[in-house]
Amino acid sequence: MSSIQAEPFPLHFDPATTALLIIDMQRDFVLPGGFGEKLGNDTSLLLAAVEPTQLVLQKAREKGLFVVHTREGHRADLSDCPPSKLTRGGKIFIGTDGPMGRILVRGESGHDIIHQLYPVQGEPVIDKPGKGSFHATDLHQILLDRGIKTLVVCGVTLEVCVHTTVREANDRGYECVVLSDCVASYFPEFQRVGLEMIKAQGAIFGWVSNSKNFVAAIS
Ligand code: TIU
């Protein structure tokens, strides 16, 4: 067993039953011209998470941790996009053309993961139509088949897809530790409060740590 320094208290984990889950590090969220910017956000705020996540990913690969990536997006015909989701943001953006292809559509450049964190062979990529990574995907089955019990979570945005996923995972019995410098938000206040919410009330739905503690714990 290993142990990671975390808040509100250290989390014990077995690297053999721990997965690194990197959520939605897609061009559509972190680069100009994608979904994030169309919604009125400054995408550069999300770039802070890239370097620490690269370090964590490199270490996880080195130590043989199971690595899973997710991407939010839809089929080309948008048949898996609820009409209610299409109009979020006050205007239809999903499926429309942008500089990185059709926004949030699978197979388009903007939908794909940034090159710094690109998956390698053996790392499943979960294509999800929702904010949560468990909704309408086979993620739970993939983790069960591997005997995964603990999730180390990175990605964007903290208060939307990371929070939804961690809440879903917690309800399915996984222990989740979110690395504070490997997640990011378009709203600094949401980043701060979002992390507080996870670890409050004695780790009500997860733990909060950081890349340095993760590297120390796994080394
Ligand atoms: N808009 C926003 O903050 N996030 C999303 O729409 N998706 C994810 O968080 N991946």
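Mentor: Residues are numbered from 1 along each chain as its sequence is written, and side-chain values use heavy atoms, with hydrogens and water left out. Because the model is predicted, local features need pLDDT of at least 70 and side-chain atom pairs count only at pLDDT 80 or more, while totals for chains, interfaces and linings use all residues.

Trainee: Why is T53 called buried?

Mentor: Buried means under 20% relative accessible area, exposed over 50%, and partly exposed in between, with a 1.4 Å probe and protein chains only. T53 has a relative accessible area of 0%, so T53 is buried. T53 lies in helix α3, residues 50-62, where helices (H or I, at least four residues) and strands (E, at least two) are DSSP runs numbered from the N terminus.

Trainee: Which residues is T53 in contact with, leaving aside its neighbours within four places in sequence?

Mentor: With contact taken as heavy atoms within 4.5 Å, they are I22, L117, C154 and C182.

Trainee: How do you know that the length of α3 agrees with its number of residues?

Mentor: The expected span is 1.5 Å times one less than the number of residues; for the 13 residues of α3 that gives 18 Å, and the end C-alpha atoms are 18 Å apart, so the two agree.

Trainee: What do the buried residues of α3 pack against?

Mentor: They pack against β3 (18-23), β4 (66-72), β8 (150-156), β9 (175-184) and α8 (211-218).

Trainee: What puts the buried residues of α8 on the same side?

Mentor: The buried residues in α8 are S211, F214, V215, A217 and I218. They cover an arc of only 165° around the axis, which puts them on the same side of α8; the arc is that of the directions from the helix axis to the C-beta atoms. On the other side of α8, K212 and A216 are exposed.

Trainee: Why is β3 described as largely enclosed by the rest of the structure?

Mentor: In β3, 6 of the 6 residues are buried, so the strand is largely enclosed. In a regular strand the side chains alternate between the two faces of the sheet. Here T18, L20 and I22 are buried on one side, and A19, L21 and I23 on the other.

Trainee: What makes β3 and β8 a pair?

Mentor: Two strands pair if DSSP finds at least two bridges between them, and 6 bridges join β3 to β8, which run parallel. The bridge partner of L21 in β8 is V153.
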